[in-house]
Amino acid sequence: MEMLELYLQTTAQMGTPILFATLGAMLCEKVGHLNLGVEGMMLLGAVAGFQVGYSTGSPLLAVLAAGCAGLLGALIYAVVTVSLQGNHTVTGLALTTFGIGVSSFIGKSLTGLGLPEAIGKTFAPVKVPVLCDIPIVGKMLFEQSSYVSAAIVVGILLWVYMNKTTAGLNMRAVGENPGAADASGVNVTLCKYLHIMAGGFLCGVGGAYLSRAGRIKLPPALVGLRLRWSFLPHGTHCVPSLALTFSVRCGGSALSFKMLTSASLATS
């Protein structure tokens, strides 16, 4: 029973970076751009977040650095595909290659290093009294890192934004019919830039979790032509198969950049 509870708890933790990345990819897709550079932006965020976290010991600065690294990667993608009208698929794949190369190059000097203890404590699982003792699902739902909770909150907020706000509806209009959106007074170019970069920021934030998430293979839901809210069961289908190995290998150990380099080299 204890092993099952640990397995379910770790499954939720390992789904967190994929959830952040999927939300970011969805923002990009909703403005009409298929960005296959999700993995590249995640790895840029991973290496930036680890470097800043190791140098400063600040969890907040580490997460912000990770998000900004992903944002810069998305900005490159936006310039090429929005302003220069480049091919979405080729540009996205180039961004992935770029991210893998940069993270591998910078990561060589970080291999074997551990993050400060303060960062580990900040993102350590927090117990909710009584509820965490519920058999089987207690640890999975009520003994999780703040990172996991943040991912869920961001998902809810994005749903509200996309479906209940004027800006969100304008964003969807830009993706579905940019000509009509432009005729309605929406600045199509600005809307695309903002949402592509926001998506990159989320991918970078998700990538920051890679420094403690081991080998990650991005699921097909991230590269589908139409990302929908049904990604939740599909977008994490690869996670359970990795969760038990991760929990046994990494549970209770010091955070190490070796996990990041193994993630950046994972191709299958």
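Biologist: What does the secondary structure of the chain come to?

Modeller: This is a predicted model. Its chain holds 13 helices and two strands. Of its 268 residues, 48% count as buried.

Biologist: What share of the contacts in the chain with a separation of 6 or more comes from residues 24 or more positions apart?

Modeller: Such residues account for 80% of those contacts.

Biologist: Which residues touch the most other members of the largest nonpolar core?

Modeller: Among its 47 residues, these are Val38, Tyr147, Val174 and Ile196. At least two residues of this core come from each of α1, α2, α3, α7, α8 and α10. The largest share, nine residues, is supplied by α10.

Biologist: How do you know that tyrosine 147 is buried or exposed?

Modeller: The relative accessible area of tyrosine 147 is 6%. Buried means under 20%, so tyrosine 147 is buried.

Biologist: How many aromatic pairs does the whole structure contain?

Modeller: The search finds two aromatic pairs. In one of them, phenylalanine 20 and tyrosine 147 have their ring centres 5.6 Å apart, with 75° between the planes.

Biologist: Why is the pair of tyrosine 147 and tyrosine 209 called tilted?

Modeller: Its centres are 5.0 Å apart and its planes make an angle of 40°. Planes under 30 degrees apart count as stacked and those over 60 as edge-to-face, while the rest are tilted. The angle of 40° falls in the remaining range, so this pair is tilted. Tyrosine 147 is in helix α7 and tyrosine 209 in the loop between α10 and α11, 62 residues apart. Tyrosine 209 is buried as well, with a relative accessible area of 4%.

Biologist: Which residues is threonine 16 in contact with, leaving aside its neighbours within four places in sequence?

Modeller: They are Tyr147, Val148, Ala151 and Tyr209. Threonine 16 is found in helix α1. Its relative accessible area is 2%, and the limit for buried is under 20%, so threonine 16 is buried.

Biologist: Why is leucine 131 called partly exposed?

Modeller: The relative accessibility of leucine 131 is 35%. Buried means under 20% and exposed over 50%, with partly exposed in between. The value of 35% lies between these limits, so leucine 131 counts as partly exposed. Leucine 131 is placed in the loop between β1 and α6. Together with Leu4, Val128, Ile134, Ile136, Val137 and Leu141, Leu131 forms a nonpolar patch on the surface, with about 490 Å² of accessible area.

Biologist: How do you know that leucine 43 is buried or exposed?

Modeller: Leucine 43, in helix α2, has 1% relative accessibility. That is under 20%, so leucine 43 counts as buried.

How values were computed. Residues are numbered from 1 along each chain as its sequence is written. This is a predicted model: local features need pLDDT of at least 70, side-chain atom pairs count only at pLDDT 80 or more; totals for chains, interfaces and linings use all residues. Side-chain values use heavy atoms; hydrogens and water are left out. Helices (H or I, at least four residues) and strands (E, at least two) are DSSP runs, numbered from the N terminus. Buried means under 20% relative accessible area, exposed over 50%, partly exposed in between (1.4 Å probe, protein chains only). Contact means heavy atoms within 4.5 Å. A nonpolar core is a set of buried Ala, Val, Leu, Ile, Met, Phe, Trp, Tyr and Cys residues joined through side-chain atoms within 4.5 Å. Rings of Phe, Tyr and Trp (its six-membered ring) pair if their centres lie within 6.5 Å; planes under 30 degrees apart count as stacked, over 60 as edge-to-face and the rest as tilted. Patches are made of residues with over 30% relative accessible area and no salt bridge: like charges are joined within 9 Å, nonpolar side chains (Val, Leu, Ile, Met, Phe, Trp, Tyr) within 5 Å. Accessible areas come from the Shrake-Rupley method with a 1.4 Å probe; for residues, only the protein chains shown count as cover. A salt bridge is a side-chain nitrogen of Lys or Arg within 4 Å of a carboxyl oxygen of Asp or Glu.
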